[in-house]
Amino acid sequence: MNRIDARFERLRRDGRKGFVAFITAGDPTLATTIELANAFDGAGVDVLELGVPFSDPLADGLVNQRAAERALRHNVSLADVLDAVRTIRSTSEIPIVLFTYINPVMRFGLDAFPKAAREAGLDGILALDYPPEESAAFRAALDTQGLRMVQLIAPTTPDDRMRMLAETSTGFIYCVSRTGVTGMREAVEGSVRSMVARIKSCSAKPVAVGFGISTPEQVAHVAESADGVVVGSAIVQRIETNAGRGDLVERVTAFVGELMAPLRSV
């Protein structure tokens with residue numbers, strides 16, 4: 001079974017909510033990314049989202065933009081990210097989703113990517129700017145390799161399009177908590193609960209909520225309605241703050257543990 005499917009099935013069976021951690025691959029180095037992945041697995045992170053550094057990340061706020069810039073200064077490519085996934089697989093079975101814009105995948109080769117991703121040990125892909133109307137063949141190719149393609153649903157998504165996205169999403173459905181780009185916010189949108197309810201009214205697939213979640217209190221609030229909680233910018237900022245320290249991995253992993261703590265009681 002695909003690792004994402006297996007993890008959400010286990011979460012459902014155990015009555016728990018999932019924690020999805022986002023980091024940018026290659027920030028500050030690919031070696032650190034590999035260490036963080038293994039440490040997150042040991043800490044109990046359910047799914048790792050690996051961001052592919054890209055020069056024009058339209059959906060990302062300043063924190064994630066700076067992370068992509070740091071990785072790009074080391075010329076980290078999609079092929080390098082797949083190599084890192086291959087290394088992670090030598091020690092970890094944590095489900096891994098690639099968080100990317102479609103340009104790096106097109107440059108790698110849409111036809112070549114699914115097989116290369118499966119061989120590296122990837123479990124799924126979230127391609128932010130690849131319209132579902134144009135990606136049917138790519139989704140089919142991923143499915144042939146046993147990989148999932150996660151779709152985003154935003155607060156502005158109309159009902160008919162929501163149903164289509166929910167139907168085509170595999171692994172889980174990514175619910176964007178608010179309009180705008182990624183980044184930390186002082187409060188989670190009050191509409192999250194109703195958004196998750198709308199999505200669940202048209203699909204039984206797991207729903208994970210992300211964008212703007214950065215504190216244990218916000219994680220607890222979102223987990224009351226969602227099956228999973230995604231935190232990105234807050235973790236990436238901790239990486240930025242601790243860059244150059246010998247205990248970066250330990251400090252960032254400790255912060256992730258604080259974020260996950262409320263899920264033990266939800």
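**Stop 1**

Select leucine 98. Leaving out residues up to four places away in sequence, Leu98 touches Leu50, Val52, Leu78, Val81, Phe113, Leu122, Gly124, Ile125 and Leu126. Keep in mind that this is a predicted model.

Now widen the view. Which residues have the most contacts inside the largest nonpolar core? They are Phe19, Phe40, Leu50, Leu98, Phe113, Val231 and Ile235. This core has 67 residues. Helix α12, residues 248–260, supplies the largest share of the core, with seven residues.

**Stop 2: Helix α4**

Select residues 78–88, which form helix α4. Which residues of α4 are buried? Pick out Leu78, Val81, Leu82, Ala84, Val85 and Ile88. Now look down the axis of α4. The buried residues of α4 fall within an arc of 155°, so they line one face of the helix.

Next, show what covers the buried residues of α4. Among the covering elements are the helices α2 (30–43), α5 (102–108) and α6 (113–120). The strands β2 (47–51) and β3 (96–100) also belong to this cover.

**Stop 3: Salt bridges**

Turn to the charged side chains. Side chains of opposite charge can pair when their charged atoms come close. How many salt bridges does a search of the whole structure find? The search finds 19.

Start with arginine 12 and glutamate 9. Their side chains meet in a salt bridge, 2.7 Å from N to O. Both sit in helix α1 (residues 3–14), three residues apart, so about one helical turn separates them. Is arginine 12 buried or exposed? Arginine 12 counts as exposed, at 57% relative accessibility. Glutamate 9 is partly exposed, at 29%.

Move on to aspartate 227 and lysine 200. Here too the side chains form a salt bridge, at 2.7 Å from N to O. Aspartate 227 is in the loop between α10 (216–223) and β9 (228–231), while lysine 200 is in helix α9 (residues 192–200), so the pair ties together parts that are 27 residues apart in sequence. Lysine 200 is partly exposed, with a relative accessible area of 35%.

Now select arginine 251 and aspartate 247. They make a salt bridge of 3.0 Å, N to O. Arginine 251 is partly exposed at 39%, and aspartate 247 is partly exposed at 27%.

For the last stop, select Arg3, Arg89, Glu93 and Asp123. Salt bridges with shared partners join these residues into one network.

Note on methods:
Residues numbered from 1 in each chain as written. Predicted model: local features only at pLDDT ≥ 70, side-chain atom pairs only at ≥ 80, totals over all residues. Heavy atoms only, no water. Core = buried A, V, L, I, M, F, W, Y, C linked by side-chain atoms within 4.5 Å. Buried < 20%, exposed > 50% of the residue type's maximum accessible area, 1.4 Å probe, protein only. Helix = DSSP H or I, 4+ residues; strand = E, 2+ residues; numbered from the N terminus. Contact = heavy atoms within 4.5 Å. Arc of directions from axis to C-beta. Salt bridge = Lys/Arg side-chain N within 4 Å of Asp/Glu carboxyl O.
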